[in-house]
Each structure stands twice: as structure tokens, then as C-alpha cells.
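Please read the points below with the sequence and the model open beside them. They are written for a student who meets such a structure for the first time.

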Amino acid sequence: MGIEQLSMYGYASKAEVLADARRYWNPDKTTFWQDEGVPLVVGDRSGYRLTDVDGHEVIDVHLNGGTYNLGHRNPELVATLTHAVRHLDIGNHHFPTPGRAALARRLVEATPGADKVVFGSSGGEAVDVALKSARYATGRRKIVSVVKAYHGHTGLAVATGDSRFSQLFRSDNPAEFVQVPFNDLDAMTATLSGQDTAAVIMETIPATYGFPMPEPGYLAAVKQACEDTGTLYIADEVQTGLGRTGELWGVYGEGVTPDVLVTGKGLGGGLYPVSAALLGPAVSGWLERDGFAHMATFGGAELGCAVAAKVLEITQRPETRANVHRRIDQVTEGLADLRAELPHALTGIRQKGLVIGLEFGAIGAKQVMTELYRQGVWAIFSTLDPAVLQFKPGLLLTEQETAEILTRLRDAVRKVAGSHV
């Protein structure tokens with residue numbers, strides 16, 4: 001099928017694709033992955049397996065940050081989209097539709113404290129909506145995030161993230177976007193003490209930073225500090241939500257009911273881009289005053305709403321939740337065994353459910369990533385902490401598939417560790 005996919009676009013070889021990608025698309029990123037020994041050009045994809053156009057198959061535990069929580073081309077989602085496209089298109093963003101109204105209702109009903117939903121087509125767009133809503137509600141401009149944060153690359157979202165992403169485009173603005181260290185409650189409360197902050201935005205578990213875990217009580221204490229200072233709390237659950245922690249939204253397990261919750265990536269099931277900012281009553285007032293204040297042509301597209309509704313249904317099924325907890329137990333045990341065997345290589349495990357960061361200390365995650373790719377598993381290093389490998393098993397993995405992943409991980413770590421003895 002790889003050859004067929006190449007010929008579909010007029011290519012005779014993978015080399016021709018790479019040449020055009022360097023020339024016309026993204027030269028730096030294309031070259032980076034070749035240099036790192038991950039020359040992936042995805043051909044066939046099904047379930048949790050990807051096949052390069054050259055025939056190399058890998059099990060996907062990168063999942064595009066959770067986009068493929070339910071697998072690639074999940075049959076139920078494909079059937080939903082296929083049925084929808086017979087009757088619908090993206091729709092018109094100005095008018096209510098049955099699908100948009102139903103998805104908004106289901107999201108609100110599944111999210112304590114939520115009142116209204118604003119749809120987008122990417123997580124960054126939904127973060128922008130969240131920040132604009134907080135500024136409207138409070139009349140304040142300052143936004144606080146954490147050091148090495150990542151909330152997307154759109155106009156406001158990129159300013160909350162690491163300077164690597166904001167400075168290049170002159171989007172950093174320290175006067176309005178302030179960062180404090182994660183898990184440093186004193187720094188957070190000091191920053192909020194001026195009572196001039198519109199919102200604190202945090203991923204429940206910062207993904208691009210390598211999934212450092214919030215210390216017990218930290219997020220709840222930040223929420224309390226927000227309440228004490230008239231600041232709103234925005235929970236970015238784009239990567240950690242939709243069942244990955246064992247619950248639909250991870251932030252509630254930390255004792256926090258956010259003022260805004262942002263979701264994306266997996267909400268579209270990898271088939272249609274859709275994201276959402278779920279606004280609580282304190283933040284949603286602008287929708288009553290001027291519903292035209294934010295517009296997005298593709299936000300809440302009817303085809304995307306159909307897929308997202310099925311994503312929510314599958315994710316919330318008792319059998320899915322049960323499978324997630326079985327896989328959590330299996331992965332937890334397997335990783336503990338590997339850490340006991342190779343503590344000098346696997347120096348730490350950051351885990352909340354199926355949100356996992358594997359620490360490789362001096363070895364670093366890049367070498368493990370490359371060897372793991374050779375062994376037939378695709379996992380990505382953390383951009384803002386290259387010692388950590390992001391390890392994100394899918395929600396519907398079988399026991400056998402999970403065992404296969406763990407075996408290949410063990411073989412990869414053994415080989416990389418052996419080369420450093």
C-alpha cells in the first residue's frame with residue numbers, strides 16, 4: 001500500500017517525498033527526523049500501528065499528543081464520519097445546528113462547572129478563546145503560566161509558552177504574560193498577590209515539558225489562590241484529557257473545578273479537527289453580550305461535531321474505562337520491572353494513568369527514541385526536556401499489544417544502556 005500512496009501523489013520513491021518536503025514544506029523538521037534516525041513517512045495506518053511507505057511498521061505510543069487515543073482510523077469513527085459526509089459538510093458557523101448543539105450539551109454535562117462551549121479547530125485556538133474570555137470577565141490583561149509551558153502556537157497561546165516558541169516571532173510579552181516554575185506555590189501566590197491577573201493557565205500535567213507530576217495538593221492550592229485574588233483558572237486538558245489519566249478530565253482528580261477547560265487533539269478522533277473551550281458561568285458572559293465577538297469558520301464544523309460526539313461516547317463507555325485501568329496496571333508493572341533491571345538507564349518514571357514520562361538521565365531520551373523506532377515502537381522525546389521520553393499508550397490497546405510494546409521498550413533500553421557501559 002506504501003507504493004500506492006506514493007503513486008497517488010505522483011511520487012516514485014520515498015526519497016522524492018523527502019526532497020519535496022525539504023524544498024517546499026519544512027526543511028528543518030524534515031532534516032531533523034532523518035538525522036535522528038526516525039525517517040518516518042506514514043503510509044498505511046490502522047489501530048495503533050503505522051507503516052512507513054518503505055514498509056517499516058511501528059506501534060504508535062506518540063499518538064500525536066493524544067490525537068489517536070482511540071487509534072488510527074478507528075472503525076466506529078470512520079463509519080460515523082462516512083455517514084455524516086453523506087448528509088453534511090462543515091456547515092455555517094453563524095447558525096445553530098443539531099450536531100453542534102448536541103455536542104455542546106454533552107460536553108457541558110460531562111464537565112462539572114461548565115456552562116457554555118466555544119468550538120475551534122485546534123487546541124491553540126481554543127486556548128486563545130479561553131484567554132480572551134478570561135480577560136473579558138475580569139477586565140485584566142495579565143496571564144500567568146508555568147516555565148516551559150506549551151499551550152499551542154496561535155496568537156495569544158504562544159505567548160504563554162516557552163520562549164523557544166514565542167521569541168522567534170516576537171510574540172513574547174513579559175509585561176502581560178508571566179511565567180513561574182511548576183510546583184512552586186510560593187512563586188505562584190506571590191505573582192497573584194497584586195490582584196491584577198486575569199487567569200492562570202496550566203496543563204494538568206505539562207506534556208511538552210516531559211510530564212512532570214503536580215505535587216499533592218499543588219493544583220488545588222493554585223485554584224484557591226486564584227479564588228482569593230479574583231483570578232480565573234484555565235485547565236489545559238488538550239493532551240491529558242479524554243480518559244488518559246483514567247478519568248475523562250484529569251484536573252478533577254486533583255480537586256480542582258476550573259473556570260475554563262480546554263480540550264482538543266483526541267476530540268476529533270484523528271479524523272476531523274475540532275477543539276473546545278468549556279466556559280464556566282463566570283467566564284461565559286460575553287456570549288450573552290456579543291455572540292459575534294469571536295468567530296471561526298471551521299469551529300464546530302458539523303462533520304467534526306459528529307465525530308467528536310462518537311469520541312465522547314466511546315471514551316465514556318464502561319468497557320473503555322475498564323480497559324484503560326487494566327492497561328494502567330499492566331504498564332505500571334512492566335515499567336517498574338524495567339526500572340528495577342536498569343536503574344542506571346531508566347532513572348525515573350513520571351506517571352498518572354496512561355500519561356507517562358520516562359526519564360533517561362545522562363543517556364537522554366533521543367537515543368532511546370531512535371532505537372525504539374528501530375525495534376518497532378514510535379514514541380517521541382520531550383521537546384523542552386530531552387532527557388524524558390513521552391510514553392502514551394492508547395486507550396483501546398489490548399493486553400497482547402501492550403506486552404509487545406513493553407518487550408520492545410525493554411530491548412531498546414537494554415541496547416542503548418549497553419552501548420554506554
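1. Basis. This is a predicted model, in which local features need pLDDT of at least 70 and side-chain atom pairs count only at pLDDT 80 or more, while totals for chains, interfaces and linings use all residues. Residues are numbered from 1 along each chain as its sequence is written, and side-chain values use heavy atoms, with hydrogens and water left out.

2. Helix H7. Helices (H or I, at least four residues) and strands (E, at least two) are DSSP runs numbered from the N terminus. Helix H7 covers residues 123-138, which is 16 residues. Its first and last C-alpha lie 23 Å apart, close to the 22 Å expected at 1.5 Å a residue; the expected span is 1.5 Å times one less than the number of residues. Gly 139, with a positive phi near 75 degrees, follows H7.

3. Burial of H7. Of the 16 residues of H7, 12 are buried, meaning under 20% relative accessible area with a 1.4 Å probe and protein chains only. Among them are the charged residues Glu 125, Asp 128 and Arg 135; Ala, Val, Leu, Ile, Met, Phe, Trp, Tyr, Cys and Pro count as nonpolar, Asp, Glu, Lys and Arg as charged, and the others, Gly among them, as polar.

4. Largest pocket. A pocket is an open set of points on a 1 Å grid over the protein atoms alone, where a 1.4 Å probe fits, with protein on both sides within 12 Å along at least five of seven lines; lining residues have an atom within 4 Å of a point. The largest pocket has a volume of about 1,600 Å³, the space filled by probe spheres set on the points, which are joined across faces, edges and corners. Its lining has 40 residues, and Lys 29, Trp 33, His 62, Asn 64 and Ile 380 lie nearest the centre. H3 gives the most, with six residues. The lining divides into 20 nonpolar, 12 polar and eight charged residues.

5. Second largest pocket. This pocket holds about 520 Å³ and is lined by 19 residues. The lining comprises 12 nonpolar, six polar and one charged residues.

6. Sheet. Four strands form an open sheet of mixed pairing in the order E1-E2-E3-E13, where two strands pair if DSSP finds at least two bridges between them. E1 and E13 (377-378) are the edge strands. E3 (residues 57-60) and E13 run parallel, joined by two bridges; Asp 60 has Trp 378 as its bridge partner in E13.

Methods
Buried < 20%, exposed > 50% of the residue type's maximum accessible area, 1.4 Å probe, protein only.
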